[in-house]
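I opened a new notebook page today. I want to look up a few residues and then the whole chain.

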Amino acid sequence: MRNELRSARRSLTLEQQEKHSLAVSANLLGSNLFESATCVAVYFCSDGEVDLSPVIEKLHSVGMKLVAPRVKGMGMEFFSFDPSETLLKNQWGIREPETRNFVEETEMSVALVPLVAFTDEGDRLGRGKGFYDRYFNGDETLLIGIGHELQKLDSIERNAWDRRLDAVVTEQGWRICSPRAKACLMLKSEDN
């Protein structure tokens, strides 16, 4: 199933990818998600994932502290970065910050998380290594899944260690998946 879904998102044309990226960015920036945030975790897209460049650029322009993951062994760590700095590619071809400015999870208000599939309830299917589930094993950080609508499934088999997303954003809008997301998010459109 992972391979099929990854293939489906890779098969989107460059025009569709750009359209989805702009729509997701507008949905994110059109909410109050970042108003009280002090540090936001982002990812650098690969393999057909939604490109967060417009969000990264906007947040950087207003002085938001941005962090991105770097894989270390069977785990992941987050480092602050400046969007103009050089990025390195890891063994899977995913771009990572070169900086050595380590940031603890407790500093992150919001994490924008890539996914292979999601459900309306906030279940997430990643690439299968469990990096995000292991890293965000508490509930301090608001987890927002980012994906294409074509990645939505009716159900995903959950494991005991899986952490549910608080919300999911696609080109079609928001899905609020947790009580705390419902309590803190205000969206521009009443139908989201």
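**Entry 1: Asn32.** I began with Asn32, which counts as buried at 14% relative accessibility. Buried means under 20% relative accessible area, exposed means over 50%, and partly exposed lies in between, with a 1.4 Å probe and protein chains only. I found Asn32 in the loop between α2 (14–29) and β1 (39–41). Helices (H or I, at least four residues) and strands (E, at least two) are DSSP runs, numbered from the N terminus. The side chain of Asn32 reaches the backbone oxygen of Cys184 at 3.0 Å. I then listed the contacts of Asn32, leaving aside neighbours within four places in sequence: Cys184, Leu185 and Met186. Contact means heavy atoms within 4.5 Å.

**A note on the model.** This is a predicted model, where local features need pLDDT of at least 70, side-chain atom pairs count only at pLDDT 80 or more, and totals for chains, interfaces and linings use all residues. Residues are numbered from 1 along each chain as its sequence is written, and side-chain values use heavy atoms, with hydrogens and water left out.

**Entry 2: Thr170.** Is Thr170 buried or exposed? Thr170 counts as buried because its relative accessibility is 0%. I located Thr170 in strand β11 (residues 167–170). Its side chain joins that of Glu149 in a polar contact of 2.6 Å. A polar contact is a pair of N or O atoms within 3.5 Å; within protein, one must be able to donate a hydrogen and the other to accept it, and residues adjacent in sequence count only if both atoms are side-chain atoms. Beyond its neighbours within four places in sequence, Thr170 is in contact with residues including Val24, Phe118, His148 and Arg175.

**Entry 3: Arg134.** I moved on to helix α4 (residues 131–135), where Arg134 lies. Arg134 counts as partly exposed, at 40% relative accessibility. Which residues does Arg134 touch, not counting those up to four places away in sequence? I noted Met74, Gly75 and Lys129. Met74 and Arg134 are 60 residues apart in sequence, and their C-alpha atoms are 9.6 Å apart in space.

**Entry 4: strands.** I traced β2 (residues 65–72) and β3 (residues 75–80), which run antiparallel and are joined by 6 bridges. Two strands pair if DSSP finds at least two bridges between them. Lys72 has Gly75 in β3 as its bridge partner. The two strands β2 and β3 form a hairpin with 2 residues between them, and Gly73 in the turn has a positive phi of about 60°. On to β6 (residues 102–103): β3 runs antiparallel to it, with 2 bridges. Phe78 has Val103 in β6 as its bridge partner.

**Entry 5: the core.** I looked up the largest nonpolar core and found 48 residues. A nonpolar core is a set of buried Ala, Val, Leu, Ile, Met, Phe, Trp, Tyr and Cys residues joined through side-chain atoms within 4.5 Å. Leu112 is one of the residues with the most contacts inside that core. Not counting residues up to four places away in sequence, Leu112 touches Leu28, Val40, Tyr43 and Ile146, among others. Another core, of 6 residues, lies apart from the largest one, and Val116 and Leu153 are among its members.

**Entry 6: the whole chain.** I counted 5 helices and 12 strands in the chain. Of its 192 residues, 52% count as buried. The C-alpha trace spans about 40 × 40 × 35 Å along its principal axes.
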